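Thanks, everyone. I will go through one structure today, beginning with a backbone detail and ending with the overall picture.

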Amino acid sequence: MSQSTTRGRQSGCLVTAKPRFLAMVFAGLLFVLVAPAAPAHGDAVRDAEWHLAFLDLARVYQISRGDGVTVGLIDSGINGNHPDLAGNVLPGMGLLPGHADNGWEDLDAHGTAMAGLIAAHGHAGGGGVLGIAPKAKIFPILTISGRDHGTPELDAAAINAAVQQGARVISMSIGRSESSALREAVARAQRADVVIVAAVGNRPDENDVTFPARYDGVVAVAAVDRNGNHADFSVAGRQVLIAAPGLDIKSSDTGNGYGTGSGTSDATAITAGVVALIRAKFPTLPAAEVIHRLTATATDKGPKGRDDEYGYGIVNPYGALTADVPPLAASASPSATPTQASSKQAPASGSRAGPVIAAALGTAAVLVTILIVVTRRRATT
């Protein structure tokens, strides 16, 4: 569900320095230590991916990059030759007659954009699009193209195919009406221990949460803006489980280019990438526990606890990978866990204030000691 918007060092200097100068050095070092580190810049495309810093991905990548996880992407196909995706797109399937039978075709740019958000690896020099899980693999299944929007039954067949191909996560940035075939396919995937992530829908096209996001056990994703506030276009409802960045999101495009879009589609692909990170870090964790970890560590927004706009809150990948989350069976419901895990998880902005301040205080102590020594030497000469 995507709305396109554009788609060396001098010897003895400290010993001979004056106390005032030492104080200036101390102040300068303290500022360097306390000030947040500037993000590494690649190019204009990478810099435009504001959601990477918002989700503290630099720290997340030190823990998980999605290695060994296959994400089934049910969409408009993928340009698998895009330089930022090359090697991360598996031969897939095309379920629409007259289109590429391996899923490596994208006339709409939608599927390629979603793939980039999930698993793009960028290119040399730190440029291009970087996905949430750049070591994951994408299994594309083409069910929509141009004016052919497919059917719920086609999506059901795509879910079944993704499960058969070993996908541990299925990303569906599409919305459908109720269908028994779709409902049964979702149930089969859940029994096969697969996590399905789906978009809740965009206003004004939809006013209620769409299917399959509406089904129990599906990770229904809403969208937020750069400030972490509910995006106006994002549908709200009691089925909303989690929220993620979805406004002005830069990603890969057809023709090996790049585009910017907004929608719960983008938020869904980002969340699917986070699920891939969790599944890579905890390969034996059951799907229900993966979802529980996702909701238990979310950064709460709106009314305390779950609400219709944010679900359990904004997805927090670092918290999901590091927090001590009690098993689902140990708590009454997913909403009971965020309070327990919050003391050990990092905020969505990735604050490093604790360790940085500790380092600054340590440096301050050393400099104060030097200052005292210099002062005493000056007093005795």
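This is a predicted model: local features need pLDDT of at least 70, side-chain atom pairs count only at pLDDT 80 or more; totals for chains, interfaces and linings use all residues.

D193 is not a glycine, yet its phi is positive, about 70°. Is D193 buried, exposed or partly exposed? It is partly exposed, with a relative accessible area of 29%.

A109 also has a positive phi without being glycine, and the value is near 75°. A109 lies in the loop between β3 (93-94) and α6 (110-119). With a relative accessible area of 8%, A109 is buried, because the cut-off for that label is under 20%.

Next, the cis peptide bonds. One of them joins R203 and P204, with omega at about 5°. Another runs from F211 to P212, where omega is near 10°. Where is P204? P204 is in the loop between β8 (195-199) and β9 (219-224), and P212 is found in the loop between β8 and β9 as well.

The largest nonpolar core has 92 residues, and I159 and V219 have the most contacts inside it. Helix α9, residues 264-281, gives the most to this core, with nine residues. Leaving aside residues up to four places away in sequence, V219 touches V195, I196, V197 and A198, then L241 and I242, and finally T271, I291 and L294.

Last, the totals. The protein has 13 helices and 12 strands. Of its 381 residues, 51% count as buried. The protein exposes about 16,400 Å², and carbon and sulfur atoms supply 56% of that area.

Terms used. Residues are numbered from 1 along each chain as its sequence is written. Side-chain values use heavy atoms; hydrogens and water are left out. Helices (H or I, at least four residues) and strands (E, at least two) are DSSP runs, numbered from the N terminus. Buried means under 20% relative accessible area, exposed over 50%, partly exposed in between (1.4 Å probe, protein chains only). Accessible areas come from the Shrake-Rupley method with a 1.4 Å probe; for residues, only the protein chains shown count as cover. A nonpolar core is a set of buried Ala, Val, Leu, Ile, Met, Phe, Trp, Tyr and Cys residues joined through side-chain atoms within 4.5 Å. Contact means heavy atoms within 4.5 Å.
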